[in-house]
Amino acid sequence: MDMIFFFNSILLGVGLAMDAFSVSLANGLNEPKMSRKRACAIAGTFALFQFLMPMLGWVCVHTLVEKFAAFQRFIPWIALALLAWIGGSMLREGLRGGEKDEGEASGVGFGALMVQGVATSIDALSVGFTIAEYDALAALVCSLIIAVVTFGICMGGLRIGRAAGTKLSGKASILGGAILILIGLEIFLKGIL
C-alpha cells in the first residue's frame, strides 16, 4: 500500500459518498433540531454501509462472480424503489402539514435509516469488482477509508441540511422528500444508461 493506494481510496470514498451526502442533507432538512449524537449515528450508519458494501462485493468477486453479475442489473431499480418510498412518505407528511410539535420526536426512524443506508450504498457493491485484485487486508483498508470519508461528508450534509431546515421550517419535509426521490431517479438513470 502506497500513497497512490490511499489517494485512490479517498477519491473512491468521495465518489461513493455523494448519494449519502444528498440523503444526509435531506435528513438534516427534515430534522433541523437534530442533536450531535443523532447526527453522528446517522453519518455512522451511512459510513457502515459504505464499508460493508465494497467488502461484500469483494467477497462476491472471490466467491460468487456469476451470481453477482446477474444481480447487478437490479441495483438501480432497488435504489429507486427504496428512495422513492422514503421520499414519498416525507412528501405526504409535509403536504398534510404533518410537522411535529416541539416535544415530539422527528426525523428518520431506524427502519427508514437502514433503508437509506442500503439504497445509497448498494452501488458500492460493484466497487468490489474494482478492488478485486487487492488482497483481503488492502480491501479492508480501502473500505475503511471509504467509510471515514463517507462519515465526514455526511456530517457536512447533515449540518448544511439542519441550517437550511431551520430557515425553511414547514416546507423542509417536502423539500427533503423531493430530494430523496430525485436521488433515487439519478441512481436509476445512471445505472440504466
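## Ground rules

Since the model is predicted, local features need pLDDT of at least 70 and side-chain atom pairs count only at pLDDT 80 or more, while totals for chains, interfaces and linings use all residues. Residues are numbered from 1 along each chain as its sequence is written, and side-chain values use heavy atoms, with hydrogens and water left out.

## The fold at a glance

The chain has eight helices and zero strands, running α-α-α-α-α-α-α-α from the N terminus on. Both kinds of element are DSSP runs numbered from the N terminus: H or I with at least four residues for helices, E with at least two for strands.

Of the 193 residues in the chain, 45% are buried; that label means under 20% relative accessible area, with exposed set at over 50% and partly exposed in between (1.4 Å probe, protein chains only). Among contacts with a separation of 6 or more, 92% come from residues 24 or more positions apart, where contact means heavy atoms within 4.5 Å.

## Helix 1 against helix 2

Helix 1 (residues 3-30) packs with helix 2 (residues 36-63) at about 155°, and their axes are 11 Å apart. Axes here are lines fitted to C-alpha atoms over the stretch in contact, and angles run from 0 to 180 degrees between N-to-C directions. The two helices are therefore roughly antiparallel, a label for angles over 145 degrees.

Who makes the contact? Helix 1 brings Leu16, Ala17, Ala20, Val23, Ser24 and Asn27, and helix 2 brings Ile42, Phe46 and Gln50. By class, that's six nonpolar, three polar and no charged residues. Nonpolar covers Ala, Val, Leu, Ile, Met, Phe, Trp, Tyr, Cys and Pro; charged covers Asp, Glu, Lys and Arg; the others, Gly among them, are polar.

## Ile179

Ile179 lies in helix 8 (residues 172-192). Leaving aside neighbours within four places in sequence, Ile179 is in contact with Ser22, Ala26 and Leu29. Ile179 and Leu91 are 88 residues apart in sequence and 9.9 Å apart in space, C-alpha to C-alpha.

## Aromatic rings

There are three aromatic pairs, meaning Phe, Tyr or Trp rings (the six-membered one for Trp) with centres within 6.5 Å. Phe5 and Phe6 pair edge-to-face, at 5.3 Å centre to centre and 80° between the planes; that label needs over 60 degrees, whereas under 30 is stacked and the rest tilted.

Phe5 is buried at 8% relative accessible area, whereas Phe6 is partly exposed at 31%. Together with Tyr134, Phe5 and Phe6 form one aromatic cluster.

How values were computed:
Angles under 35 degrees count as roughly parallel, over 145 as roughly antiparallel, 65 to 115 as roughly perpendicular and the rest as oblique.
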